[in-house]
Amino acid sequence: MTSHTGEEWLSLREAAELLGMHPATVRLWADRNEIPSRRTSGGHRRFRRADIEARLRQEAEPKPDPASVLLVQSVLGRVRFAFTDGTLDTFPWYQHFDTTARDAYRQLGRRLLDLVLRTLNDGTHIDDLKKEAIELGREYGSITWASNVPLADAVRAFLYFRTLIDEGILQLAEIRSGRDHDIFWIDSFHQIQAITNEILPALIEATQN
């Protein structure tokens, strides 16, 4: 059915067939407002074809591997704990970061974790990921220079958070032991190191230019 606006509307059965799902599942999604729908004067559901096709594209998108998501959550947990339990305040190098530098480093840290997640999931070529890591390192260096943070302290900060990532991998490798998981975590460890190894030299170079 096509409306006067040119939009094509599908019945529940047609939408279910297009999605390759049982009509009851599509009805449930509509009840939860996960898929927009409207009702006719007779109470029958209608779905815009554009909304169904958008859902199809969403379902077709690659989903992050649960293990790699768990890794990022583990690292985030460690970072949050370091901030909340006062651990960072015990490091002399952390005292050299003013509020602006701390906020900027925190933002770059989130981008680093996103890069880690993409390294494990989205199939981006490693050379492209390394280029992003180099750019991230340059931004670290620019913030370090602009904030008058001693280079040695910026390096210590990076290595501290890099260690949190490494420890997260090793801890999860112990928890999810087994031959297949061991291979996954070993590969993950090497992939992440290959990417993050590019950050530190770029950071140092950026503070010297």
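The structure is a predicted model, in which local features need pLDDT of at least 70 and side-chain atom pairs count only at pLDDT 80 or more, whereas totals for chains, interfaces and linings use all residues. Residues are numbered from 1 along each chain as its sequence is written, and side-chain values use heavy atoms, with hydrogens and water left out.

The pLDDT, which is the predictor's confidence in each residue on a scale from 0 to 100, averages 82 over the protein, and 84% of the residues score at least 70. Confidence is highest in strand 1, at 93, and lowest in helix 8, at a mean of 72. Where pLDDT is low, the predicted coordinates should not be read in detail.

The secondary structure comprises nine helices and three strands, where helices (H or I, at least four residues) and strands (E, at least two) are DSSP runs numbered from the N terminus. Along the sequence these elements follow the pattern β-α-α-β-β-α-α-α-α-α-α-α. Contacts are defined by heavy atoms within 4.5 Å, and of those with a separation of 6 or more, 70% come from residues 24 or more positions apart. Of the 209 residues, 36% count as buried, the classes being buried at under 20% relative accessible area, exposed at over 50% and partly exposed in between (1.4 Å probe, protein chains only).

The three strands form an open sheet of order 1-3-2 with antiparallel pairing, in which strand 1 (9-11) and strand 2 (38-39) are the edge strands, each pairing on one side only. Two strands are taken to pair if DSSP finds at least two bridges between them. Strand 1 and strand 3 pair over three bridges in the antiparallel sense, and Trp-9 has Arg-48 in strand 3 as its bridge partner. Strand 2 and strand 3 (residues 45-48) are likewise antiparallel, over two bridges, with Arg-38 opposite Arg-46 and Arg-39 opposite Arg-45. The hairpin of strand 2 and strand 3 has five residues between the strands, and there Gly-43 takes a positive phi near 90 degrees. Helix 1 (residues 12-19) lies across strand 1 and strand 3 and runs at about 95 degrees to strand 1; axes are lines fitted to C-alpha atoms, for helices over the stretch in contact, and angles run from 0 to 180 degrees between N-to-C directions.

The largest nonpolar core has 36 residues, and those with the most contacts inside it are Trp-93, Phe-97, Tyr-105, Tyr-140, Ile-165 and Ile-199. A nonpolar core is here a set of buried Ala, Val, Leu, Ile, Met, Phe, Trp, Tyr and Cys residues joined through side-chain atoms within 4.5 Å. At least two residues of this core are supplied by each of helix 4 (66-84), helix 5 (99-121), helix 6, helix 7, helix 8 (179-196) and helix 9 (199-208), and helix 5 gives the most, with nine residues. Apart from its neighbours within four places in sequence, Trp-93 is in contact with Leu-88, Asp-153, Arg-156, Ala-157 and Tyr-160. A second, separate core of 11 residues includes Leu-10, Leu-19, Val-26 and Phe-47.

Arg-162 is placed in helix 7 (residues 151-175) and is classed as buried because its relative accessible area is 11%. Besides Asn-197, the contacts of Arg-162 beyond four places in sequence include Gln-193 and Thr-196. Gly-137, in helix 6 (residues 126-146), counts as buried because its relative accessibility is 0%. Not counting residues up to four places away in sequence, Gly-137 touches Ile-199, Ala-202 and Leu-203, and its C-alpha atom is separated by 7.4 Å from that of Glu-198, 61 residues apart along the chain.

Two asparagines in loops have positive phi values. Asn-33, in the loop between helix 2 (23-31) and strand 2, has a phi near 65 degrees and counts as exposed because its relative accessibility is 69%. Asn-148, in the loop between helix 6 and helix 7, has a phi of about 60 degrees and is exposed, with a relative accessible area of 68%.
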